[in-house]
Amino acid sequence: MAAYQLLIIGGGLSGIAAGIRAARFGLKTLIIEQHGLPGGLNSFYLRQGHLLETGLHAMTNCAPPGAKRAPLNRLLRQLHLSRKQFDFHEQIGSEIRFAGRSLLFTNDPAVLEAEIGRAFPEAIDRFRQLKQTIAAYDPFAVAPWRSSRQFLAEHLRQPELADMLLLPLMVYGNAEEEDMDLGQFVIMFRAVFEEGFFRPGGTMREFLDLLVQQYRAFGGELRYRCPVEEIVVEDGRVTGVRLEAGEVLTGETVLSTAGIPETMRLSGWEGERERYVGRMSFMETISLIPQSQAASLTRDRTIVFYHNGPRLRYRRPEDYLDTSWGVICFPEHFSGLEPAELFQIRVTNAASYPLWKALPAEVYGPVKQQWTEAATIASEEIIGNYRPSIVYQDSFTPVTIERYTRKAEGAVYGSGVKIKDGTTPWPNLFVAGTDQGYLGIVGAMLSGITIVNQHILR
Amino acid sequence: MSRDEIKDVILEIIADIDEEADFVSLDANAPLRDQLDLDSMDFLDIVMELRKRYKLQIPEEEYPQLATLTSCVNYLEPKLKNV
């Protein structure tokens, strides 16, 4: 008999959510995490006394407590967590800034509509039509891939507006380059432009603590610092996992959240691994400056999505980093948050994994420093100067992301090709998380929940 | 378990799934899902909770019999008579 009814590889948000579901209904469950902290792509780290979050700029899918059908509230019910346990803060307002054009949006969709009316009066009626089409679209129905770019071109006939709408949706949840599946576009449009951004008060550490506590309260077990070396397969079935330390853990069912390419490698699953390796990865630079020096910067924005070139090219850059477009986030600019001791600025740009990976150890540091500088300078063009005030700065690259999360090539949104039903060549091995289909914090957790509901609890 | 006890168990399970569930105007003969604005994921939780508490295996094709409070009681009464 197996030691566990369910083994979950990965203590990120999809793994913990899956674990809560399984443990809640009595399955003997173990989550195995390679790192010493939970969270996966949305975790945190400590450097020189500063707690720095990874991943999280904002959570999407903001919803008021009473909206029962909203993804956020469905998620909390599924995890048996009360809204009252959380302290959520909505964004102040965000901006999409292209050369010479700007669109503001908040969690009130009327703001974006008014902004489009102001900046693109010729396209406002077509934008309203587009919203109606999106409202009527069922992104969860099984459908062949459809081009969002073509959809936008036909509906808006305004290429710059199309690029402006695509930038936040792509950068917060598109694994593909250049274009986006229409279903994914609709999910992201609702999550970002209709429901909107919020974040938990406190840091990712408290948010993750709450989830892990809930998992443990239902009897779930969690082991840190246990890298998996192999998913053990015998006679066409998975029997458990072997850890790098040599220990074998047996399980009736295994759920992997390590991504498809890594799950293939661990299990000996034959297939075109390359097909499932995502190409979009990012470098993130976090700068801390004294609150007194923050006054001269853009004050009333939560997130600025910027782009300087002629047309948006959402793709892996030719160089280490593409600073011609990116995201600047002020994690403090959510309503009702008390200012921290230091003001934080986060800058995210697309980065090329192969170039970073090929760097010899002795030059990796200097090259990272050089590009950190480049990213900072590019952001100063948008929000104002802050380099002289930086008291602490750190950045992480696609190589860092891969090392800590095992997401192949640091592809934070996983594979461009998803396995939506979560199945694998083995009847008792499933995948959940970014490579199953839903993205972001809310999406990753819904993925873990959905796969456990569909395949493991029934 | 008596019919009243089964009814209480169902309401208790639903209250546990959804802290905002309001039973004041609940019609025992009308679909629970519509009245309480529950989705299929919540509905699965009722089934899972019954399994966990009473080791009841409810096959998927019999889920429709759990549609209303009265139909739940009718369906569960013989299964829970020795509990």
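Strands E13 and E17 of chain A pair in the antiparallel sense, over 5 bridges. Pairing here requires at least two bridges found by DSSP between the two strands. Within that pair, Leu288(A) stands opposite Tyr392(A) of E17(A). Strands, and helices too, are DSSP runs numbered from the N terminus: at least two residues of E for a strand, at least four of H or I for a helix.

A word on the source. This is a predicted model, in which local features need pLDDT of at least 70 and side-chain atom pairs count only at pLDDT 80 or more, while totals for chains, interfaces and linings use all residues. Residues are numbered from 1 along each chain as its sequence is written, and chains are lettered from A and ligands numbered from 1 in the order in which they are written.

Back to E13(A). On the E16(A) side there are 10 bridges, again antiparallel, and Ser281(A) faces Ala351(A) there. E13 covers residues 281-290 of chain A, and 8 of those 10 residues are buried, so the strand is largely enclosed by the rest of the structure. Buried means 20 or more other C-beta atoms within 10 Å of the residue's own, exposed means 12 or fewer, and partly exposed lies in between, with C-beta atoms placed from the backbone.

Now the whole sheet. It is open, has 7 strands with mixed pairing, and runs E7-E6-E14-E15-E16-E13-E17 in chain A. At the edges are E7 (101-105) and E17 (392-396), each of which pairs on one side only. From one strand to the next the twist averages 20 degrees. Angles are taken between N-to-C directions, from 0 to 180 degrees, with axes as lines fitted to C-alpha atoms, for helices over the stretch in contact. Helix H6(A), residues 159-171, packs on this sheet and touches E6, E7, E14 and E15 of chain A; its direction makes about 130 degrees with that of E6(A). Contact means that the C-beta atoms of two residues, placed from the backbone, lie within 7 Å. Elsewhere in the sheet, E15(A) (321-329) and E16(A) (342-351) run antiparallel and are joined by 5 bridges. Val327(A) is opposite Thr348(A) in that pair.

Next, chain A overall. The chain has 13 helices and 18 strands. Its C-alpha atoms fill a box of roughly 65 × 50 × 45 Å along the principal axes. Buried residues account for 52% of the chain. Of the contacts between residues at least 6 apart in sequence, 72% join residues at least 24 apart.

In soluble globular proteins, nonpolar side chains tend to be buried together. Here the largest nonpolar core has 144 residues, and those touching the most other members are Leu7(A), Ala18(A), Ile32(A), Leu167(A), Leu169(A) and Met445(A). A nonpolar core is a set of buried Ala, Val, Leu, Ile, Met, Phe, Trp, Tyr and Cys residues joined through C-beta atoms within 7 Å. Leaving aside residues up to four places away in sequence, Ala18(A) touches residues including Ile8(A), Leu255(A) and Val452(A).

Then helix H2 of chain A. With 7 of its 8 residues buried, H2(A) is largely enclosed by the rest of the structure. Among the buried ones are Arg74(A), Arg77(A) and Gln78(A). What do they pack against? The partners are H1 (13-24) and H13 (440-456) of chain A, together with H1 (3-17) and H3 of chain B.

Last, the backbone. Most residues other than glycine have a negative phi. Asp235(A) has a positive one of about 50 degrees, in the loop between E10 (228-234) and E11 (237-243) of chain A. It is exposed, with 5 C-beta neighbours inside 10 Å. Lys55(B) has a positive phi of about 55 degrees, and lies in the loop between H3 and H4 (69-79) of chain B. His80(A), which follows H2(A), also has a positive phi, near 60 degrees.
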